[in-house]
Amino acid sequence: MTKTNSRDKRRLLVRQARLDDVPRLVELTALVYTPEWGHSAEMLRGQQAHFPEGQFVAEYDGDIVGYCATFRIDEATALKPHSWTEITGGGFGSRHDPEGDWLYGMEVVVHPKMRGMRIGQRLYTARKNLCTELKLRGIVFGGRIPGLSKAIKRFSSAENYVQAVIEGRRRDPTLSFQLRNGFEMIGLLHNYEPGDHQSLGYATHMVWRNPALHDQPDVPHASGGLPMPSTVRVASVQYQQRRIRSFEEFAQQVEYFTDIAADYNADFVTFPELITLQLLSIENEELSPNDTIRRLSEWTPQVRELFGHLAVRYNINIIGGSHPTRMDDGDIHNVCYICLRDGTMHEQEKLHPTPSERNVWGITGGDTTTMIQTDCGPIGVMICYDSEYPEVARHLIDQGALMLFVPFCTDVREGYLRVRYCCQARAIENQCYVVMSGNVGNLPGVYNFDIQYGQSCILTPCDFPFARDGVAADSTPNIETVLFADLSLENLARARNSGTVTNLKDRRFDLYETRWRRRNKSSATHD
C-alpha cells in the first residue's frame with residue numbers, strides 16, 4: 001500500500017505568499033535587518049498586489065522561516081546600473097512590468113536560526129521554476145557582499161574582493177552561495193543600498209539565464225501548484241554493505257551520501273532495496289531467517305525518523321531503498337519510505353515478494369501502487385521484482401508518473417540482469433525515466449546475509465532527445481559510487497507527444513486493457 005504519513009509534523013514547504021502572512025513577514029524582515037530596515041506591512045502588501053505569483057514564503061512546521069520577493073521588468077532597465085530603491089520602487093515592487101522579459105529578485109531573507117536548512121536554496125529554486133514557467137529570459141538582481149567590509153583593507157577594492165570570491169580564493173557567505181546556484185556576475189553596482197554597511201553600499205549585478213527559451217510542450221505541474229522544473233537532477237547511490245556497531249554508524253553512512261547528493265544539487269537521491277540489512281551486523285545473533293527479519297523490523301521507527309530528517313535537513317527528496325516492516329496485522333512487508341523535502345512521507349510496499357522472500361523470510365506482498373506528487377513532478381516506485389511486471393509500471397504511468405525509481409537487491413549477475421533488462425523495457429514502453437539503485441559488498445560471518453551483485457544505472461527512453469543507448473548514467477559493477485543525471489521533462493513530454501514512436505498514444509484500447517482489482521478498500525484505477 002502507498003500512503004502518506006500524517007503523523008510526521010516536520011513539514012517544510014515553499015508556497016506563494018498570502019496577505020495573512022504580512023504580519024509575520026514584517027517580524028521576519030525586522031529580525032534579519034533590524035526594525036528600521038525591515039519591510040513595512042505596506043511594502044509587503046504592495047509586493048503581493050503588483051505580482052502575487054512572484055512572492056514566496058518558506059514555512060516550517062507552520063512558522064514562516066524564509067521569504068523572497070520578485071517582479072517582472074524589461075531587459076534594458078534590469079541590465080543597466082541602478083540602485084535597490086530605484087528599481088524596486090522603494091521596496092513596493094511598483095516597477096513591475098507585466099510584459100517584462102526578466103524576473104527581478106528584490107529580496108531573500110531567511111530566519112537566522114534556520115540557516116543550514118537550505119531555505120535560501122529552496123527559494124532560489126522557486127524563482128528559477130517561475131522564470132522557466134513564464135518563459136522569461138532569466139533572473140537578475142543586486143546581490144549583497146557581506147564579507148566586503150571586513151576584507152576591504154586586504155583587497156583594497158570591491159572589484160578585487162569579488163574577483164577573489166569568483167576565483168575561489170575567498171569565501172563570501174552570499175556571493176559564494178549565489179555562484180554555486182548557477183548565477184553569474186555581470187558587473188558591480190555602486191551605491192546600490194547605501195545603508196548596507198557590510199557591503200559598503202556595493203552589490204554584485206547577478207544574472208541567471210533561462211536555459212530553455214524555446215517553445216515548451218505542456219508538462220504537468222508539481223504538487224502545490226508551483227511551477228515544475230524543466231530538468232530534474234537525480235542521484236543513485238550504489239551502496240556498499242559494511243559491518244557496523246550501532247545504528248548511529250548506519251545513520252552516518254546514509255547521511256554522508258545524502259549530503260553528497262545535495263551538494264551536487266540533486267532533486268532526488270535513491271538508496272537500494274533492503275539497505276538496512278547491514279543492521280544485522282550490530283548484534284549478529286544466530287536466529288532463524290524468519291526471526292531475523294522480524295528482529296530487523298524493530299528498527300522501523302529509527303529508519304523512518306532518519307530518512308524523514310535527512311530529506312528536510314538537506315533539501316532533497318529521498319527514495320529510502322526499502323526496509324522490512326511489521327504491519328498492524330503482524331505480517332512483514334518490504335516497504336520503501338519516500339521522504340520528500342517538504343517533510344511529507346509516503347510508503348510503497350513491494351507487491352511481488354520473490355520466492356525466497358516469501359518462503360525463507362515470510363514476507364507478504366502489498367496490494368496497491370500509487371503515483372506520488374513531488375515538487376519535481378509525479379513519480380512512482382517499484383521495488384526490485386516489481387519492475388519485472390509491466391502492469392505495475394503501466395499503472396503508475398497511467399496515474400501520471402514521469403519517473404520510476406527502482407531500489408533493488410540482487411545476489412548474482414543473472415538476477416541483476418533480469419531487473420536491468422525489465423527496467424529498460426519499462427522506460428521504452430512507457431516513455432519514462434527509470435532510476436535503479438542497488439547494494440554491493442558482502443559481510444562474511446554475518447548470519448542471514450547473502451552475497452550482493454549490483455550495477456546501478458539511470459535509464460531513458462530510446463529516441464533522439466535522449467542518451468544514445470538509453471542509458472543516462474551507468475556504474476562499474478560491485479563498486480561503491482554515486483551516479484548523477486539531468487533528466488529533461490521537456491524532452492519526455494515532446495517524445496510522448498511527437499517522438500519517432502509514441503508508445504503511450506498508440507495503445508490499442510479497442511483490443512486490450514488491464515484492470516486493477518479493489519483490495520482492502522483501496523482505490524483502483526483502470527488503464
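Start by selecting strand 5 (102–110): this strand gives the most to the lining of the largest pocket, with 6 residues. Strands (E, at least two residues) and helices (H or I, at least four) are DSSP runs, numbered from the N terminus. A word on what you have open: this is a predicted model, where local features need pLDDT of at least 70 and side-chain atom pairs count only at pLDDT 80 or more, while totals for chains, interfaces and linings use all residues. Residues are numbered from 1 along each chain as its sequence is written, and side-chain values use heavy atoms, with hydrogens and water left out.

**Into the pocket**

Rolling a probe the size of a water molecule over the atoms shows where empty space is left. On a 1 Å grid over the protein atoms alone, a pocket is an open set of points where a 1.4 Å probe fits, with protein on both sides within 12 Å along at least five of seven lines; lining residues have an atom within 4 Å of a point. The largest pocket has a volume of about 1600 Å³, volume being the space filled by probe spheres set on the points, which are joined across faces, edges and corners. Now select Tyr-33, Val-108, Arg-115, Arg-144 and Thr-174, the closest to the pocket's centre among its 50 lining residues. Next, colour helix 1 (22–33) and helix 9 (247–263), which are among the elements that each supply at least two lining residues.

**Across the two domains**

Colour domain 1 (12–209) and domain 2 (231–498) separately; these bounds come from an automatic or database domain assignment. Each domain gives at least three residues to the pocket lining. The C-alpha centres of the two domains lie 37 Å apart.

**Charged pairs**

Select Arg-118 and Asp-259: they form a salt bridge, with the closest N and O atoms 3.8 Å apart. The term means a side-chain nitrogen of Lys or Arg within 4 Å of a carboxyl oxygen of Asp or Glu. The structure holds 27 salt bridges. For a last stop, pick Asp-342 and Arg-11, a salt bridge with its closest N and O atoms 3.6 Å apart. Asp-342 sits in the loop between strands 13 and 14 and Arg-11 in the loop between strands 1 and 2, so the pair ties together parts 331 residues apart in sequence.
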